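Here is a report on one protein model and its ligand. Look at the structure first, then read on.

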Amino acid sequence: MKFTELNLSDDILAAVVTAGFTEPSPIQEMTIPLALEGKDVIGQAQTGTGKTAAFGLPTLNKIDTSRNVIQALVIAPTRELAVQSQEELFRFGREKGVKVRSVYGGSSIEKQIKALRSGAHIVVGTPGRLLDLIKRKALKLDHVETLILDEADEMLNMGFLEDIEAIISRVPESRQTLLFSATMPEPIKQIGIKFMKEPEHVKIAAKELTTDLVDQYYVRVKEQDKFDTMTRLMDVDQPELSIVFGRTKRRVDELTRGLKLRGFRAEGIHGDLDQGKRLRVLRDFKNDNLDILVATDVAARGLDISGVTHVYNYDIPQDPESYVHRIGRTGRAGKHGQSITFVSPNEMGYLSIIENLTKKRMKGLKPATAEEAFQAKKKVALKKIERDFADDNIRSNFDKFKGDAVKLAAEFSPEELALYILTLTVQDPATLPDVEIAREKPLPFKPSGNGFGGKGGRGNRGRDNDRRRGSYRGDRNRDDRRDFKRKSNKNRKDFENKDNKRPHRTSSEKKNGFVIRNKGER
Ligand code: ADP
Ligand code: MG
């Protein structure tokens with residue numbers, strides 16, 4: 001199909017051509033005609049499939065530039081997405097002379113009020129700031145004919161539901177309402193029912209749900225033990241490049257701080273960061289100056305990053321499709337990746353929901369002990385010492401310390417000096433700085449047999465348990481791993497085998513601090 005078949009006006013089409021778009025994407029092809037007919041539309045399609053133009057083009061088409069009033073309102077979850085949409089709308093509406101303004105928090109409201117006064121046909125804004133402007137009577141919505149909820153699932157995740165409803169109630173009822181989202185959790189469907197008129201649903205199936213190249217694991221862990229569990233796993237796994245997903249911006253900030261405190265090269269990104277900082281972090285991540293990127297779902301959307309080996313879901317996502325988006329960050333371009341999802345006991349039901357969508361089971365992973373983490377770190381340190389001694393650049397610095405070294409050598413034995421070096425380089429997990437991660441409410445309890453696949457819930461998992469128990473880690477020895485890695489995996493395997501010999505476990509038997517599930521228990 002061609003854009004010319006879509007009944008868009010010439011000035012809009014010209015802009016589409018200038019933008020270099022040749023063919024409409026599936027979501028555009030399906031929703032643009034409906035929106036042009038004036039229908040309410042719910043459009044669901046994966047991230048990066050062109051949803052902005054799907055609502056943007058018909059909206060721009062409808063704008064009457066001879067009337068200097070706000071005719072369309074776009075609600076977006078973050079400042080960044082608001083700016084992005086504003087730019088895209090501006091680009092397509094420029095030829096026609098459509099004025100598009102964006103408004104968002106964390107930036108001068110006076111300036112935004114001034115900009116609005118100077119004229120706007122379309123306003124794109126984040127919920128909080130829109131409400132502020134409405135309260136100050138700086139945003140007049142009585143001429144709005146098109147209301148758009150963009151990235152609706154993210155707005156839900158960010159807790160904007162009430163704000164959105166408050167804004168919708170200020171827009172004339174005679175309006176057309178368009179709702180776009182990558183996923184369609186229940187509360188979003190409810191918005192469709194409550195605030196839209198016989199909406200047409202368009203859902204573009206996600207291309208590939210989960211790739212076979214991603215080994216998916218879950219760790220059942222209490223909320224308060226999550227952070228230690230994650231960093232121990234990282235010590236053991238030594239991921240080359242990983243993304244840690246947190247549910248909220250606060251989470252991202254705290255996790256980033258905690259990871260840095262424990263010596264990881266980590267940085268976080270979320271919607272509140274300014275563009276410059278965000279770009280810096282992404283550049284560092286791509287250039288190997290960072291090992292761990294901590295992000296919210298929104299911030300990670302649309303990011304094109306290759307080479308990610310591990311995805312850690314510090315918080316299990318509420319809706320299964322976000323999970324698919326998250327783990328899709330690894331296992332790309334024919335390379336293997338792995339994902340590890342931390343699940344608190346009462347969130348276990350969400351695991352089944354995810355598995356019902358992906359049609360794939362996550363394997364249970366036993367958390368690494370502090371001792372295992374310590375052993376793994378020691379190996380890394382020994383390897384590094386070996387490497388450094390072979391590195392002429394490092395050796396060339398030795399000269400500076402010649403005299404001091406002779407003195408030390410006279411005073412201490414080689415063994416004592418080596419012990420000292422190791423103490424400095426390897427931090428014993430037992431003495432790691434405590435990291436407090438503020439409690440987030442776990443997701444509401446969801447029993448696994450809740451109609452999301454009936455039999456597939458508890459029963460299967462029970463039957464599967466034996467296979468599962470044997471599948472902790474050892475089978476993941478891969479060629480591309482570094483030496484110390486292989487060794488640490490081997491150790492782990494020994495450890496596992498020993499463990500697996502234990503014939504039966506009682507339901508919540510505790511050993512060295514980890515809980516092993518019994519058959520059928522979730
Ligand atoms: P979504 O909101 O679904 O995540 P976006 O609207 O942000 O996706 O679009 C993703 C990218 O694809 C943008 O850079 C956009 O300009 C581009 N794009 C959108 N539609 C087309 C198209 N028909 N042809 C080529 N590129 C497109
Ligand atoms: Mg979008």
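How far is an oxygen atom of ligand 1 from an N or O atom in the side chain of lysine 51? The distance is 2.8 Å. This is a predicted model, in which local features need pLDDT of at least 70, side-chain atom pairs count only at pLDDT 80 or more, and totals for chains, interfaces and linings use all residues. Residues are numbered from 1 along each chain as its sequence is written, chains are lettered from A and ligands numbered from 1 in the order in which they are written, and side-chain values use heavy atoms, with hydrogens and water left out.

## The ligand site

| Residue | Residue atom | Ligand 1 atom | Distance |
|---|---|---|---|
| Glutamine 28 | side-chain N or O | nitrogen | 2.8 Å |
| Threonine 49 | backbone N or O | oxygen | 3.2 Å |
| Lysine 51 | side-chain N or O | oxygen | 2.8 Å |

Taken alone, ligand 1 exposes 570 Å², and the protein buries 69% of that. These areas come from the Shrake-Rupley method with a 1.4 Å probe; for residues, only the protein chains shown count as cover. Helix H3 (51–62) and helix H4 (79–93) are the elements that give two or more residues to the shell around ligand 1. Helices (H or I, at least four residues) and strands (E, at least two) are DSSP runs, numbered from the N terminus.

The shell holds 16 residues. A residue is near the ligand if one of its heavy atoms lies within 4 Å of it. The closest are Glu23, Gln28, Gly48, Lys51 and Thr52. By class, the shell has three nonpolar, eight polar and five charged residues. Ala, Val, Leu, Ile, Met, Phe, Trp, Tyr, Cys and Pro count as nonpolar, Asp, Glu, Lys and Arg as charged, and the others, Gly among them, as polar.

Buried residues of H4 include Glu80, Leu81, Ser85 and Phe92. Buried means under 20% relative accessible area, exposed over 50%, and partly exposed in between (1.4 Å probe, protein chains only).

Strand E6 (residues 176–181) is mostly covered, with six of its six residues buried. In a regular strand the side chains alternate between the two faces of the sheet. Both faces of E6 are covered: Gln176, Leu178 and Phe180 lie on one side, Thr177, Leu179 and Ser181 on the other.

Strand E1 (residues 41–44) pairs with E6 in the parallel sense over four bridges. Two strands pair if DSSP finds at least two bridges between them. Glutamine 44 stands opposite serine 181 in E6. E5 and E6 are also joined in parallel by four bridges. Here leucine 149 has leucine 179 in E6 as its bridge partner.

## The seven-stranded sheet

An open sheet of seven strands has parallel pairing and the order E10-E11-E9-E12-E13-E8-E14. Strand E10 (266–269) and strand E14 (363–364) stand at the edges with a single partner strand each, so one side of each is left without a neighbour in the sheet.

Within the sheet, strand E9 (residues 242–245) and strand E12 (residues 310–313) pair in parallel over four bridges. Phenylalanine 245 faces asparagine 313 in E12.

Which strand is joined to E8 by seven bridges? That is strand E13 (residues 337–343), parallel to E8. Aspartate 215 has glutamine 338 in E13 as its bridge partner. E8 also pairs with E14 in the parallel sense, over two bridges. There, tyrosine 218 stands opposite glycine 364. Five of the seven residues of strand E8 (residues 214–220) are buried, so E8 is largely enclosed by the rest of the structure.

## Two positive phi values

Glutamate 151 has a positive phi of about 50 degrees although it is not a glycine. It sits in the loop between strand E5 (146–149) and helix H7 (152–157). Glutamate 151 is buried, at a relative accessible area of 10%.

Glutamate 198 also has a positive phi, near 35 degrees. Its loop runs between helix H9 (186–195) and strand E7 (200–203). Glutamate 198 is exposed, with a relative accessible area of 75%.

How values were computed:
A polar contact is a pair of N or O atoms within 3.5 Å; within protein, one must be able to donate a hydrogen and the other to accept it, and residues adjacent in sequence count only if both atoms are side-chain atoms.
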